[in-house]
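Reader: I am new to this structure. Please pick one part, look at it closely, and then connect it to the rest.

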Amino acid sequence: MKCTRIGLCCYSTASASTSHFNQRILHLKNASGATKLNDALQLFDEMLLRQPPPNITQFTQLISVIVKMKHYSTALSLFRQMRLMGIPSDPYTMTISINCHCRLNQVTYGFALLATIFKQGHPPSLATYTTLIHGLVLADRVFEAVELFKKLLRDKLCDPDQFTYGTVINGLCKVGHTSKALELLTFMESGSCKPCVQHYSTVIDSLCKDRMVDDALELFTHMTEKGVLANVITYSSLVQGLCNFGRETEAAKMLIDMEEVGVSPSVVTFNILVNSFCKQGSVKEAELAVQAMVRRGLHPNIITYNALIDGYCLRGEIEEAENVIDRVMEQDIVPNIITYNSLINGYCKKKRIDEARHLFQEIQDEGLIPDVITYNTMLKGLFESGNPAAARELFNKMQAKGLTPDICTYRILLHGMCKNSQCSDALALFRSPESKELVEDVGLYNILIDGYSKCGKHDLAMDLFDELHVKGLKPNVRTYTVMISVLCQQGLFGKAKDLLRKMEEKNGCLPDSVTYNVIVQQFLKQKAFQEAEILLEEMISRGFTTDSTTFEMLLNQIPSTRQDSPTQTIIQKLINIK
DNA sequence: ATAGGGTTAG
């Protein structure tokens, strides 16, 4: 096609190629597969070289395809190439560029482009503003996002639409300002841009995550009354919220409810239930839920099976877990690192450390990369099998492989070292510069205080308790329990009792069942029966009960007490509870 | 004709 003059020939060619490009763009929009990106880039090159250049809208459409595939830097480089070829940007391409920069964590650059839009003499559109608001949300600058949103309203720059509201509501939920999100939802209801199921679902989900399941259920009823139909995601969020609170029965009922109104539960919905049953140890119920999903024509996926495997492993039923692996393999589902983490954990719990080590090696030979959780599991197993040296070696190895230990790694290490009479090594690790970032953790102090007290170094334990306050960390119920135990072991019973009162009255930290058992046992050992009885009455009235050790110590008192003595009365009360 | 957001599982 050699058209040297502007004429009919060239015009018709351009028009033919326009529809040709349109077709290919349309095709790409619906395509999926490995060659999609390359095909798009190839088409872009052809379009860029075409004389006369194709319509800007075609470029916009094509680059949008690339953006949807999340190739933001590539999209930006294509805009750069267009500029070099003399194709000017317009408010549409600018908005896409802003979006790309925002996704690449360069919201500041996005605002620079906003200035360019102004300079070009265009008033920015709602889409541009919404993109920037979203950019601020992505950058965790939700306060500024809300300010910009308010500015739109105040200065009447644009009327927000469902996109804008959706972005702001999501941002508010993301930073935990669910009540503000709820206010905005109410504000929408009073205006002309009514909230839809997605807006409600976002807030419902956030309420569930804030542990306010009943508020979530209330909002769910409210949206239904407003005539907005819940979808599978709304229901799944609620199922999840209920399960997190141990309300599995209501969750299962929710599943029935949704089917009655014609919303089909998805694999995700069922997985939430399956997982929840497994976590609370009822793998049997979980298996029934899996059967129910299969009956509905849904296919369990690796997440379903991982839940079952983990459930069996937690119960120590390794054989059952291995059977699930076989079911996975039969269906050509590929196990992932999470599958193996559960299994390794199962072997470790059963003290079958050699099998754990073997599996750990085997998955690496297969090309799977262990994550921090794999290493944490192995470390715990090695310590518990009495091999701190191997644990230490593995800890070095994980760092050499570029994995950053997390707070759990340090807890496992410190606890393991203390248990294996390496308290001073534990403290050295705790003080080492590489763990500096993570040591602002009460849990680590609890472990060290406990460790030092158990090896008789009470002074050091007390020093650590003081240090915790200096660092501004708040002791929790475990810290107090350990400290109470330390004080008792030193014979400072008065101080122990004071601390028990102080934790609650001054620091708002309620003693739990362990706290009471620890202190009661100490008093019983000292034959301070009256003190023990007062505390036993208190713990019973608070709904706690004795553990087996405490109960046994009490029973041992029976021969030396009268029938109507306080001790026997308490024992009778405890029997009634149990 | 072309741009922007949103909720569910290990």
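Author: **A helix and its buried side**

Helix 24 spans residues 423-431, and its buried residues are Cys423, Ala426, Leu427, Leu429 and Phe430. They sit on the same side of helix 24, because they cover an arc of only 160° around the axis. Buried means under 20% relative accessible area, exposed means over 50%, and partly exposed lies in between, with a 1.4 Å probe and protein chains only. The arc is taken from the directions from the helix axis to the C-beta atoms. Helices are DSSP runs of H or I with at least four residues, strands are runs of E with at least two, and both are numbered from the N terminus.

This is a predicted model, where local features need pLDDT of at least 70, side-chain atom pairs count only at pLDDT 80 or more, and totals for chains, interfaces and linings use all residues. Residues are numbered from 1 along each chain as its sequence is written, chains are lettered from A and ligands numbered from 1 in the order in which they are written, and side-chain values use heavy atoms, with hydrogens and water left out.

What covers the buried residues of helix 24? The cover includes helix 22 (388-400), helix 23 (407-419), helix 25 (442-454) and helix 26 (458-470). Contact here means heavy atoms within 4.5 Å.

Between helix 22 and helix 23 runs a loop that holds leucine 403. Leucine 403 has a relative accessible area of 23%, so it is partly exposed. Not counting residues up to four places away in sequence, leucine 403 touches Pro370, Asp371, Val372, Tyr375 and Met398. Alanine 292 is another matter: leucine 403 lies 111 residues from it in sequence and 40 Å from it in space, C-alpha to C-alpha.

Now the aromatic rings. The structure holds 9 aromatic pairs. Rings of Phe, Tyr and Trp (its six-membered ring) pair if their centres lie within 6.5 Å; planes under 30 degrees apart count as stacked, over 60 as edge-to-face and the rest as tilted. One pair is phenylalanine 149 with tyrosine 165: the centres are 5.6 Å apart and the planes stand at 70°, so it is edge-to-face. Phenylalanine 149 lies in helix 8 (residues 142-154) and tyrosine 165 in helix 9 (residues 162-174), so the pair ties together parts 16 residues apart in sequence. Phenylalanine 149 and tyrosine 165 are both buried.

Another pair joins phenylalanine 360 and tyrosine 375, with centres 5.5 Å apart and planes at 80°, so this pair is edge-to-face. Phenylalanine 360 belongs to helix 20 (residues 353-365) and tyrosine 375 to helix 21 (residues 372-384), so parts 15 residues apart in sequence are tied together. Phenylalanine 360 and tyrosine 375 are both buried. Tyr375 is also one of the residues that leucine 403 touches.

Next, the DNA. DNA strand B is surrounded by 47 residues, and the closest are Thr57, Arg103, Phe163, Gln198 and Asn336. A residue is near a strand if one of its heavy atoms lies within 4 Å of it. These residues divide into 12 nonpolar, 29 polar and 6 charged. Ala, Val, Leu, Ile, Met, Phe, Trp, Tyr, Cys and Pro count as nonpolar, Asp, Glu, Lys and Arg as charged, and the others, Gly among them, as polar.

Some polar contacts (pairs of N or O atoms within 3.5 Å) stand out by name. A polar side-chain atom of threonine 60 is 3.3 Å from a base oxygen of DNA strand B. In aspartate 205, a side-chain N or O atom is 3.3 Å from a sugar or linking oxygen of DNA strand B. Elements that give two or more residues to this surface include helix 3 (56-68), helix 9 and helix 11 (197-209).

Serine 201 is placed in helix 11. Its relative accessibility is 7%, so serine 201 counts as buried. Leaving aside neighbours within four places in sequence, serine 201 is in contact with Asn231 and Thr234.

Last, the backbone. Most residues other than glycine have a negative phi, and most peptide bonds are trans. The peptide bond from glutamine 51 to proline 52 is cis, with omega near -5°. Proline 52 lies in the loop between helix 2 (36-49) and helix 3. Arginine 211 is not a glycine, yet has a positive phi of about 65°.

Terms used. Polar contact = N/O pair within 3.5 Å; in protein donor to acceptor, adjacent residues only side chain to side chain.
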